[in-house]
Amino acid sequence: MAVAHRLFGLFSPFTPAAKNNLSSFLIRSLSSSSSTHGPSLDPEIDLKEAAAELEKSSSPSSSLSRTKGRNFHWVFLGCPGVGKGTYASRLSTLLGVPHIATGDLVREELSSSGLLSSQLKELVNHGKLVPDEFIISLLSKRLEAGKEKGESGYILDGFPRTVTQAEILEGVINVDLVINLKLKEEALLAKCLGRRICSECGANYNVACIDIKGDDGDDRMYMPPLLPPPKCESKLITRADDTAEVVKERLRVYNKMTQPVEEFYRERGKLLEFELPGGIPQSWPKLLRALHLEDDKQSAIA
């Protein structure tokens, strides 16, 4: 495949030319906006300042030689609810690099108090994307914390979601591979509406049983529910933004904002598109084969 030769590429520090390109790009991008309709966030963070922090936090650490993980720099793309977190987390364990989900970083911020949190909550509950400068600031803080612990690579989940974010990221680090997960929209809607969280332990479950007959000779898609153990059954809650209206709006916004990101990486030969054939038992082995990892790695986590 076109990106196979990139799968085990190591991190390359950004060059002076890349720094200059990033600086000139940032000047042009300061007037850009992530959302033009619905509630908006009044950020206290400047995009240029946030990008500078990302550049700083992405610099190689002197403690990298102590880390056990490999220097993978991978990105997961895919519609909300497609399963980016599930597969990114599995690959994180397999490859020995951290899984960084910007959605988790945003939810941590939502759990805090203050005006910024309340504005952010309104955005998320309406299915809107969070502004670039805010996401970049949260990510830079997480990368800086990881650098201090000796982390040498990562699998990003939920970033970048806009071309602005993708250009900033490319300006400060060499992304090796972008994995774009795809799933039939019918299954995607059912998965999102079936998500449940245990209010006590925070574990994620899904009560949807997806059984879709294949068209024109395609295989039937079956995804059984992921039910909670008895101790969590009475404590299940639904995310505030997991309603039919909000889920459809999230998909609309995602397609509008993120499809150009797919093209951005496709043009650079970094995009691997993977159609999920079903649940984890069907999809995981095929994803490993697509990543050329099945021979020496599959038995470690399957």
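Predicted model: local features only at pLDDT ≥ 70, side-chain atom pairs only at ≥ 80, totals over all residues.
Residues are numbered from 1 along each chain as its sequence is written, and side-chain values use heavy atoms, with hydrogens and water left out.

The protein has twelve helices and ten strands, where helices (H or I, at least four residues) and strands (E, at least two) are DSSP runs numbered from the N terminus. Of its 302 residues, 49% count as buried; buried denotes under 20% relative accessible area, exposed over 50%, and partly exposed the range in between (1.4 Å probe, protein chains only). The protein exposes about 15,000 Å², of which carbon and sulfur atoms supply 50%, with areas taken from the Shrake-Rupley method with a 1.4 Å probe. Among contacts (heavy atoms within 4.5 Å) between residues at least 6 apart in sequence, 77% join residues at least 24 apart.

In helix 3, the buried residues are Lys 84, Tyr 87, Ala 88, Leu 91, Ser 92, Leu 94 and Leu 95. They cover an arc of only 165° around the axis, which puts them on the same side of helix 3; the arc is that of the directions from the helix axis to the C-beta atoms. Gly 96, whose phi is positive and near 75°, follows helix 3.

Five strands form an open parallel sheet in the order 2-3-1-4-10, two strands being paired if DSSP finds at least two bridges between them. Strand 2 (99-101) and strand 10 are at the edges with a single partner strand each, so one side of each is left without a neighbour in the sheet. Neighbouring strands of this sheet are turned by 20° against each other on average, direction ignored. Helix 10 (residues 244-267) packs on the sheet and touches strand 1, strand 4 and strand 10, its direction making about 125° with that of strand 10; axes are lines fitted to C-alpha atoms, for helices over the stretch in contact, and angles run from 0 to 180 degrees between N-to-C directions.

Within this sheet, five of the six residues of strand 4 (residues 177-182) are buried, so strand 4 is largely enclosed by the rest of the structure. Strand 4 pairs in parallel with strand 1 (residues 73-77) over four bridges, and five bridges join strand 4 to strand 10 (residues 271-275), also in parallel. Val 178 of strand 4 stands opposite Val 75 and opposite Leu 271 in strand 10. Strand 1 also pairs with strand 3 in the parallel sense over four bridges, with His 73 having Tyr 154 as its bridge partner in strand 3.

A second open sheet contains three strands in the order 6-5-9, with antiparallel pairing. Strand 5 (residues 195-198) is joined to strand 6 over three bridges, and Ile 197 stands opposite Asn 204 in strand 6. Helix 8 (residues 185-194) lies across strand 5 and strand 6, at about 25° to strand 5.

The peptide bond from Phe 159 to Pro 160 is cis, with omega near 5°, and Pro 160 lies in the loop between strand 3 (154-157) and helix 7 (163-172). His 292, in the loop between helix 11 (280-290) and helix 12 (294-297), has a positive phi near 60° and is partly exposed, with a relative accessible area of 45%.
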